[in-house]
Amino acid sequence: MMFSFMPPIHWPRLALTALPLVLAACAAPRPPAQTEPAAPARWNAPLPQVSLPHGGSVAGLERWWDAQGDALLAELIREAQRASPSVAQAQSRFEQARATQVAARSALLPSLDAQASASRGFNQQAAGLANTAQIGVQAGWEIDLFGKNRAANDAALERLSGARAQWHDARVSVAAEVALQYTGWRHCVKQASVLQGDAASRGETARLSRDSERAGFTAPANAALADASFADGKVRAAQQQLQCDIGIKTLVALTGHDEADLRTRLGATPGTALPEQLFQVQSIPAEAIAQRPDVFAAEREVAAASAEVGSAEADRYPGLSLSGSIGRMYVGTDGLSGSSNIWTIGPVAVSLPLFDGGRRAAQVTAAKARYDAAAVAYRGQVRQAVSEVEQALAQLASTGERRSDAQRAADGYKRSLTATEALWRGGLASQLDLENTRRTALASELALVQLEQERVAAWIRLYRAVGGGWEPNAPDPESSLTSTGAAAPTAMP
C-alpha cells in the first residue's frame, strides 16, 4: 500500500520565496547607538612626554611589568591575577555574555528537529492489528520581518564586547593594586629603616646624657629629655614596622601566597626602584579615554540598550513564521504493508498583535528608559576617567616640582644635625637644640621617602587611569581559555 500527502499550501512559490526578502528590509527604529561623552578637548593638568604601556594582551601586560626590572613584583602580579575573585567573576561574565550571544544569533536561523514515532493498534479497514512507524525532520523559521531578532543579536554582541573589556579591566586593576601595595611596602621598609636608625641615635644620646648626669656635667632635666626622646623614637619605629607588617598581609590576601614564604622572598630580594618614567601618554583625552576598558564597556552598553529599543519596537509589529517537514512512513498489517515519503511546506503563520493590555508598549518604554540610563552612565564614566587621569597627571607634576627642593632640604638638615651633635658633644649646644635639630632632620628625611612613594603611586595610578594600554580591537580570548574555564597565562582579553 502506498500513501501520499499533499502540502497544505496554495501560495505561488515565487511569492512565498520573495515575501520574506521584501519584508526583511524593514526594521524598527532605534535611538543612536553612540552618544557624545562631552569630554574636554585637552587636559588641564601638566602633561609629561609620553608610548602607552602594553598593547592589551595578558601576555603583553605581564611582559610590560617584567620590563620594569623587578622580577618579584611581576611574579606577584601573575599570582594575584590567578587568585583574584574579580578576575574570575569578570571571566564568568564574559562566558555568560558569549553564551547569550550564541543564543541570540540562533534565533536568526531556521531550527531543525528530528522526529520518530511508532504505534500498534486495531485497524478497522484491515480487520486486524496494524503497525505504524514514522521518521522525519521538522523545520521551523521565524522570519525576522522588522528586525526584532537582529536587534537582540546586536545587543548581545555589544555586551559581549563590553564583557571582554571588563575582563581585561579586572586584570589591569589587580596589577595596579599589587604594584601599589608592593611599592608601598618597599617604601615602608625605607621609612622603618630611617626610624630605626633615628631610634638608635636617640638611644646613644640618652646613654651619653645619663653618663654625663652621673658625672655632674648634665642637668637631670636634660637627661630626662634625652630618655623621653629615645622612648618616642622607639614608638615611631614600632608604629612604622606595624604598617609594614600590614602591607605584607595585604599582599598575602591579594596573591594567596604563604606569608612566611612571602616574607622570606621579600627579604631575600633587594628592592628594585621602578623607572623614573613608566610610560608616556601621546594623544589625550581621546586616546587615553579609549584605552579605558570601563569606558569602552559603558559605550557598548549604550549600543546594546539602543538595539534593545529596536527589538522592543519590532515586537509590536506583525510576525511571520514558516514550517515544514520531510520524512518516511511505514504501515503494516497482517496481510498488507507499505511505505511512502511524506513532506509538507507550511503552514505559513502570520501573527498580528491586537490587544495585550499595554505589555508591548510598556516594554518599549522600559527599553527607552534603560537606554537613557546607559547614556547617562557612559557620560559619567567618561567624566570619571578624565578626572582620574587629571589627578594622576597633577600628582606627577607636583612631585616633580617638589623633589629637588625636598632633596636639598633633607641634605641640609642632615648636615645641620651632624654639626649640632658635634657642638653638643663639645658642650657648645644644649640637649634641646640637639633634639629640635634631630626632629627636623628626621621629618625631612621621611618626607623625601614619602615623596618618592607618592610619585611611584602617581605613575601606577596613571597607568590604571589610562586603562593599562588596552586596545578595543584586541583578539578574542576564546582560543586561550582552558577546559576548566580558567584563563591561560597568555590569554588575550
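Visitor: Which residue forms a salt bridge with Asp 315?
Guide: Keep in mind that this is a predicted model. Asp 315 sits in the loop between H9 and S3, and the pair links distant parts of the chain, with the other residue in helix H5, 167 residues apart. The closest N and O atoms are 3.0 Å apart, and the partner is Lys 148.

Visitor: Is Asp 315 buried or exposed?
Guide: The cut-off for buried is under 20% relative accessible area. Asp 315 has a relative accessible area of 17%, so the label is buried.

Visitor: Which helices does the salt bridge of Arg 300 and Glu 158 tie together?
Guide: The side chains of Arg 300 and Glu 158 meet at 2.5 Å, N to O. The two residues are 142 residues apart in sequence, so the pair ties together separate parts: Arg 300 is in helix H9 and Glu 158 in helix H5.

Visitor: Over which ring does the charged end of Arg 300 sit?
Guide: Arg 300 counts as buried, at 12% relative accessibility. Its charged end is 5.1 Å from the ring centre, and that ring belongs to Phe 296.

Visitor: Which residue pairs with Arg 159 in a salt bridge?
Guide: Arg 159 lies in helix H5 and the partner in helix H9, so this pair ties together parts that are 142 residues apart in sequence. Arg 159 is partly exposed, with a relative accessible area of 28%. The closest N and O atoms are 2.8 Å apart, and the partner is Glu 301.

Visitor: How many salt bridges does the count come to?
Guide: The pair of Asp 315 and Lys 148 is one of them, and so is the pair of Arg 300 and Glu 158. The count comes to 29.

Visitor: Let's move to aromatics. Is the pair of Phe 94 and Trp 167 stacked or edge-to-face?
Guide: Planes under 30 degrees apart count as stacked, over 60 as edge-to-face. The ring centres of Phe 94 and Trp 167 are 6.1 Å apart and the planes are at 15°, so the pair is stacked.

Visitor: How far apart in sequence are the parts that Phe 94 and Trp 167 tie together?
Guide: Both residues are buried. Phe 94 lies in helix H4 (residues 85-106) and Trp 167 in helix H5, so the pair ties together parts whose separation is 73 residues.

Visitor: How is the pair of Phe 146 and Tyr 317 classed?
Guide: Phe 146 is in the loop between strand S2 and H5, while Tyr 317 is in the loop between helix H9 and strand S3. Their ring centres are 4.9 Å apart and the planes are at 65°, so the class is edge-to-face.

Visitor: Which helices hold the two cysteines of the disulfide, Cys 188 and Cys 244?
Guide: The sulfur atoms of Cys 188 and Cys 244 are 2.2 Å apart. The pair ties together parts that are 56 residues apart in sequence, so the helices to look at are H5 for Cys 188 and H6 for Cys 244.

Visitor: What is the handedness of the link of Cys 188 and Cys 244?
Guide: Cys 188 is buried at 6% relative accessibility, and Cys 244 is buried at 2%. The angle about the S-S bond is -105°, and the link is left-handed.

How values were computed
Residues numbered from 1 in each chain as written. Predicted model: local features only at pLDDT ≥ 70, side-chain atom pairs only at ≥ 80, totals over all residues. Heavy atoms only, no water. Disulfide = S-S within 2.5 Å. Helix = DSSP H or I, 4+ residues; strand = E, 2+ residues; numbered from the N terminus. Buried < 20%, exposed > 50% of the residue type's maximum accessible area, 1.4 Å probe, protein only. Phe/Tyr/Trp six-rings, centres within 6.5 Å; stacked < 30°, edge-to-face > 60°. Lys NZ or Arg CZ within 6 Å of the ring centre and 35° of its normal. Salt bridge = Lys/Arg side-chain N within 4 Å of Asp/Glu carboxyl O.
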